[in-house]
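Colleague: I have a model open and would like to learn how to read it feature by feature. Could you walk me through some of them?

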Amino acid sequence: MKNSAEGKNIVIIGSGVGGLSAGIILSLLNFHVTVVEKNPLPGGLMRSYRRGGIDCPVGVHYVGALGAQEPLGKMFRVLGIPVEKLFFRMGEGGIIDRYIFDNFVFDLPVNIDAFEKSLKSTFPAEIMTLDVIMKNLREIARRMLDPSFLLNQGDPFQNMDFFQPMGDFLDELEASVDLRAVLAVPCQLIGVQLAECPVIFHHMILAGYLFSSWRLKESGSTMADVFTRRFQELGGKLIVNDGCEKIILDGGKVTGVRLKSGINLGADTVVASVHPKILLDMLEPDAL
């Protein structure tokens, strides 16, 4: 939060990995935290489910940068979530993943140096293009590993070129269709088309996987349960099956939330760990 909370009572809307992580951190800082979830079980997209006999693994597939000195690994340690109990490390044989296209195969290796070598071996005619891409990727990776990255109150990436769409960036570099296909995979992992995905998001995701790649030992539901249990161990309160209907304001100041059950919860601060469109529906039209 950029502005300090004035009181100790905080309500968090949404119990996905963001909501529960915020709940854990705020509980560690001695706030009184209540997480509100509209669904019967906490966890959001961490949970997968089975419907009509078919497994629907909508939750966590891969996780990057969970190493001890890497951004997400540092965050998990702050949260008190055991990485090794939940995940196993991929790429022990030197290959994280294999991309199979109609006319070629690309193996995603471990670490940025190996990735650059593999790209240049696969696309020898595009060395100059790859030099530009790798220069940006290394710069973003360097900043992600800086100790201040997780604590930076502003924008750690001041280069505005990093915010242009990856598609436009590759157009300027005259990248081939096959190179675009390889570079599009990180975009698919977050459900954003290459043409629309900002360079900064693409490179952060890719760098994270190249730092280290991990898969769950069990399921997303297990991960959700671990996060939930940690939050409750710290004294956090969880309300499920009763979503937030409205954020209550008094004179422009947040005073609490009203749940769909009609219950009002007082709060000094409300954290909305939901889609911005959902948040807007919870506010009066003139609230902003």
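Colleague: Where does N241 lie?

Modeller: N241 lies in the loop between β10 (237-239) and β11. Helices here are DSSP runs of H or I with at least four residues, strands are runs of E with at least two, and both are numbered from the N terminus. The model is a predicted one, where local features need pLDDT of at least 70 and side-chain atom pairs count only at pLDDT 80 or more, while totals for chains, interfaces and linings use all residues. Residues are numbered from 1 along each chain as its sequence is written, and side-chain values use heavy atoms, with hydrogens and water left out.

Colleague: What should I look for in the backbone of N241?

Modeller: The general idea is that most residues other than glycine have a negative phi. N241 has a positive phi, near 60 degrees, and is not a glycine. A65 is also a residue other than glycine with a positive phi, of about 60 degrees. A65 sits in the loop between β5 (63-64) and α2.

Colleague: Are A65 and N241 buried or exposed?

Modeller: Buried means under 20% relative accessible area, exposed means over 50%, and partly exposed is in between (1.4 Å probe, protein chains only). A65 counts as buried because its relative accessibility is 4%, whereas N241 counts as exposed at 55%.

Colleague: Now the helices, please. How many residues does α5 have?

Modeller: Helix α5 (residues 127-145) has 19 residues. From first C-alpha to last, α5 reaches 26 Å, close to the expected 27 Å; that expectation is 1.5 Å times one less than the number of residues.

Colleague: Which residues of α5 are buried?

Modeller: In α5 the buried residues are T129, L130, I133, M134, N136, L137, I140, A141 and M144. They lie on the same side of α5 because they cover an arc of only 165 degrees around the axis, the arc being that of the directions from the helix axis to the C-beta atoms. On the other side of α5, M128 and K135 are exposed.

Colleague: What do the buried residues of α5 pack against?

Modeller: Their partners are α2 (71-79), α4 (112-122), α6 (166-173), α7 (177-183) and α9 (199-211). Contact here means heavy atoms within 4.5 Å.

Colleague: And which residues of α4 are buried?

Modeller: In α4, I112, F115, E116, S118 and L119 are buried. These residues fall within an arc of 165 degrees seen down the axis of α4, so they line one face of the helix. D113, K117 and S121, on the other side of α4, are exposed. The buried residues of α4 pack against β8 (105-109), α5, α7 and α9.

Colleague: Let's turn to charges. How many salt bridges does the structure hold?

Modeller: Side chains of opposite charge can pair when their charged atoms come close. There are 12 salt bridges in the structure, each a side-chain nitrogen of Lys or Arg within 4 Å of a carboxyl oxygen of Asp or Glu. One of them joins D107 and R98, at 2.6 Å from N to O. D107 is partly exposed at 22% relative accessibility, and R98 is partly exposed at 49%.

Colleague: How are E233 and R230 placed in α10?

Modeller: They are three residues apart in helix α10 (residues 220-233), so about one helical turn separates them. E233 is exposed, with a relative accessible area of 57%.

Colleague: Which residue forms a salt bridge with R258?

Modeller: That is E245, with the closest N and O atoms 3.3 Å apart. This pair links distant parts of the chain: R258 is in strand β12 (residues 253-259) and E245 in strand β11 (residues 244-250), 13 residues apart. Salt bridges that share partners also join D113, E116, K120, D131 and R138 into one network.

Colleague: One last case. Where is M282 found?

Modeller: M282 is in the segment after α11 (276-281) and is buried, with a relative accessible area of 7%. Leaving aside neighbours within four places in sequence, M282 is in contact with I13, C244, E245, K246 and I247.
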